[in-house]
2 protein chains.
Amino acid sequence: MVKKVGVAILGLGVVGGGTYQTLVKHREFYKQTQNVDVTVESVLVRSGKRVKELGIPEELVAKTIEEVVANPAVDIVVETIGGCGVAKEYILAALNEGKSVVTANKELICKYSHELERVAKRNSCGLYYEASCVGGVPIIRTLLDGVQANRITEMMGIINGTTNYILTKMTQEGAEYDEVLKEAQRLGYAEADPTADVEGHDATYKLSILASMAFHTKVPYTKIFREGISEVGRKDIQFGKELGYTLKLLAIAKNTEKGIEVRVHPTFVRDRHPLAAVNDSYNAVFLRGDAVGDVMLYGRGAGAFPTASAVVSDVIFAATHADVKYSTFKNTANADPNVNFISDFESAYYIRLFVDDKAGTLTKITGIFARYGISIVVVDQKGRADPTATGDAARVPLVVITHKTRENSIKKAVAKINETDLAIVRSVIRVEDQ
Amino acid sequence: MVKKVGVAILGLGVVGGGTYQTLVKHREFYKQTQNVDVTVESVLVRSGKRVKELGIPEELVAKTIEEVVANPAVDIVVETIGGCGVAKEYILAALNEGKSVVTANKELICKYSHELERVAKRNSCGLYYEASCVGGVPIIRTLLDGVQANRITEMMGIINGTTNYILTKMTQEGAEYDEVLKEAQRLGYAEADPTADVEGHDATYKLSILASMAFHTKVPYTKIFREGISEVGRKDIQFGKELGYTLKLLAIAKNTEKGIEVRVHPTFVRDRHPLAAVNDSYNAVFLRGDAVGDVMLYGRGAGAFPTASAVVSDVIFAATHADVKYSTFKNTANADPNVNFISDFESAYYIRLFVDDKAGTLTKITGIFARYGISIVVVDQKGRADPTATGDAARVPLVVITHKTRENSIKKAVAKINETDLAIVRSVIRVEDQ
């Protein structure tokens, strides 16, 4: 017996369009393999242009959200509008009419999941958001139903495709940030206003969702330390490479006895680490569980069809598991409201200085590090200055890699070094030295 | 409201013991995070030794399978005995009493899943076997509920830890097979009788299960082309490396318009391919879906706690999705009984020959390849023979890499070359050139 399920799609942008096309193309396939006949019964769009492009029959086009949710043929509402405006209003309208919701909206889930979940629960509906994080990679399904036997202690991910594309090109071609950003914009890998991606906001939304699920608590995105890639220089990537490191924008979450540590920032990882090989617009999430050990999921983090894969997989799950209502949010139900967030975290560091190339400089600099309890793994002076030069010409780059130390100690040491007239700190990049 | 769920564990070997320990250790954690109170209510073992070692209360030890399945406190039966003997009998007994079953038994699921599934369905029970493939990596959950929106066209995996450990050591240390096997046996990575692993049987069982689920049909293990690693030489690994390839025992499944192609054999992959970086006893499965594109899952494919992670995650899924009865086997329900299995598959090839180092040899050999329509990418002669030498001393190794061609063409060309008195083919290794 094939079960009939009707879907409405709100918004027909890249992901909404990909979702429509996938559902239409695979209707027979899902009947055969999933015992479910999924049909698109309604679409809601601002302009008719995409309706034509996608060949959607006119009679499916609804005029208002009220019309969509009042349609008895609609069982599941897919939201692919994005943002926290009408998307939120429409999702609430659907849940309040008893329709389960599948969304790709990371910002909305990050900011309002608890409110939406309450409404879903009250109305006995499901709320699914696999597509909100890491495109087609089933990381949310994995956290919910694949590794839920584990206490997850750590998560590290490359969860933004734009920045990974830019850093990969900078690494492979030795190009500067501005140059690669322009190329990425031309190719559609970066938005005209790239801020949300390159400054790490997009990654903090996703990390908030993933860390909340992994650690069974609410990890607000406002608690996430954030640093983007717009200040990253070609030179640092080059110097890192010479020492066996690859630069990635990592989202890191650790659950320790002292509290939760969450951060998004450019990070050097060892070349041999699996995340170092994740290139271009690919994404990956690395998990550590107390039973399973290390697990990594890798795939496309964005794009019409990879994201549609997640949306449609959620639609099928919702259609075939109709009795399982709250599966997507059971995990934070008993969250500890008093969880401690660690801001003075521990890390190893890469520090690039510009120093006077003369006897005694190194002793003074390493002395400052020592004063703040920072021990050093590598000191690597790049080249020599002309002994007769003065000013900047008498200076050379110096790269220091530290052992694990506290963020605050590094801040103090850097301020102290900058107070001297011997050196200036040009960049500080955290290192995951596993 | 916390739901109470009782578990019986059959067999307390490595995986059964890890399962017991994980369930006991995390009882409070699962109550908090999953709203389910999972307790071990019964164990069935051949000897009392493990009961003592694991500190299991004597009153939990059952004498017979009848006693286990008659126990009203037992809701879910975990089978970690292995093999197709009593394990099958016990699972059938549990299902016939209406108990859902979680098993780690790849051989049994590979050979008897259809029979077991029929009995499960008749009794409205679930049958779960995440732990049967790739240890703690949630590949089965991913196929069922993570990427089910896709037609999966291809799957490539490193799904046997023992052989990956051996090949990694041979690659990194330049050691010979026999030497590394002995070390692996000493360290517990290989069995005293390593046949099931090194000859690829273990991988064919897993590939049969995974390809059946991925392609929504029954892929019997007897249809899988199989070649183990016991004939692999240090030299081939070395020569491959020089050409930018890494040797892995790959399980490959392709779903094409012409039919299904399934094989397990030593394979050269490009060094830059994500599978090339999967080392030691780690496993990984690479999937290609028509919407999601490429996805890879990576993690520990064996061991007490990684495998227990899969068993216990299934137990929790069964406990919290009690209304979803047939989820693990819906996918092959509508299998095409007339599916075609391709034996004369296409591949690129690495061929190592031992050839007379004299003018004309190369022309004759390449001529034979050409006669069978095989085009060549690389010919690489290793060293020169002493021009005055005779016999074997007048010969040198020659490595040939071909474009994609048919398996049968290679077989014929190799036979032809061996008929000449100019050269002998020492090894033929398939190449995945993506």
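This briefing covers the chain pair, the domains, the sheet and selected helices and strands of the structure above. The model is predicted. A rotation of 180 degrees, with 0.0 Å of shift along its axis, superposes chain A on chain B. Chain A is split into three assigned domains: domain 1 (3-135 + 306-332), domain 2 (139-300) and domain 3 (346-432).

**Symmetry of the two chains**

- The superposition of chain A on chain B has an RMSD of 0.0 Å. That is the relation of a two-fold axis.
- Within chain A, A:Leu297 has the C-alpha nearest the axis, at 2.3 Å from it.
- The copies meet through the same surface, because 100% of the interface residues of chain A are also interface residues in chain B.

**Interface between chains A and B**

- Chain A brings 46 residues to the contact, and chain B brings 46 residues.
- On the chain A side, H2, helix H7 (139-145), strand S11 (293-300) and H13 each supply at least two residues.
- By class, that side of chain A holds 20 nonpolar, 19 polar and seven charged residues.
- Strand pairing crosses between the chains: S11(A) and strand S11 (residues 293-300) of chain B are joined by five bridges in the antiparallel sense.
- In this pairing, the residue opposite A:Tyr298 is B:Met296 in S11(B).

**Domain 2 against domain 3 in chain A**

- The C-alpha centres of domain 2 of chain A and domain 3 of chain A are 26 Å apart.
- Contact between them involves 13 residues of domain 2 of chain A and 12 residues of domain 3 of chain A.
- On the domain 2 side, helix H12 (234-242), strand S8 (245-256) and strand S9 (259-270) of chain A each supply at least two residues.
- S9(A) gives the largest share of that side, five residues.
- The side of domain 2 of chain A that touches domain 3 of chain A comprises eight nonpolar, four polar and one charged residue.

**The five-stranded sheet of chain A**

- Five strands of chain A form an open sheet in the order S2-S1-S3-S4-S5, with parallel pairing.
- S2 and strand S5 (127-128) of chain A are the edge strands; each has a single partner strand, so one side of each is left without a neighbour in the sheet.
- S1(A) and S3(A) are linked by four bridges in the parallel sense.
- A:Ile9 has A:Val78 as its bridge partner in S3(A).

**Two helices of chain A**

- Helix H1 (residues 14-25) of chain A has 12 residues. From first C-alpha to last, H1(A) reaches 16 Å, close to the 16 Å expected at 1.5 Å a residue.
- The buried residues of H1(A) are A:Val15, A:Gly16, A:Gly17, A:Gly18, A:Thr19, A:Tyr20, A:Thr22 and A:Leu23.
- Cover for these buried residues of H1(A) includes strand S1 (3-10), helix H2 (27-34), strand S2 (36-44), helix H3 (49-53), strand S3 (76-79) and helix H13 (304-320) of chain A.
- In helix H5 (residues 86-96) of chain A, the buried residues are A:Ala87, A:Lys88, A:Tyr90, A:Ile91, A:Ala93, A:Ala94 and A:Leu95.
- The buried residues of H5(A) pack against S1, helix H4 (65-70), S3, strand S4 (100-103) and helix H6 (106-122) of chain A.

**Strand S3 in chain B**

- Strand S3 (residues 76-79) of chain B is covered on both faces. B:Ile76 and B:Val78 are buried on one side, and B:Val77 and B:Glu79 on the other.
- S3(B) runs parallel to strand S1 (residues 3-10) of chain B, with four bridges joining them. B:Ile9 is opposite B:Val78 in S3(B).
- Four bridges also join S3(B) to strand S4 (residues 100-103) of chain B, again running parallel. Here B:Ile76 is opposite B:Ser100 in S4(B).

**A loop residue in chain B**

- B:Thr217 sits in the loop between helix H11 (201-215) and strand S7 (225-226) of chain B.
- B:Thr217 counts as partly exposed because 19 other C-beta atoms lie within 10 Å, whereas a buried residue needs 20 or more.
- The C-alpha atoms of B:Thr217 and B:Asn338 are 10.0 Å apart, with 121 residues separating them along the chain.

Methods:
Residues are numbered from 1 along each chain as its sequence is written. Chains are lettered from A and ligands numbered from 1 in the order in which they are written. This is a predicted model: local features need pLDDT of at least 70, side-chain atom pairs count only at pLDDT 80 or more; totals for chains, interfaces and linings use all residues. Domain bounds come from an automatic or database domain assignment. Two residues are in contact if their C-beta atoms, placed from the backbone, lie within 7 Å. Ala, Val, Leu, Ile, Met, Phe, Trp, Tyr, Cys and Pro count as nonpolar, Asp, Glu, Lys and Arg as charged, and the others, Gly among them, as polar. Copies are superposed by least squares on the C-alpha atoms of residues with pLDDT of at least 70 in both. The expected span of a helix is 1.5 Å times one less than its number of residues. A residue is buried if 20 or more other C-beta atoms lie within 10 Å of its own, exposed if 12 or fewer, and partly exposed in between; C-beta atoms are placed from the backbone. Two strands pair if DSSP finds at least two bridges between them.
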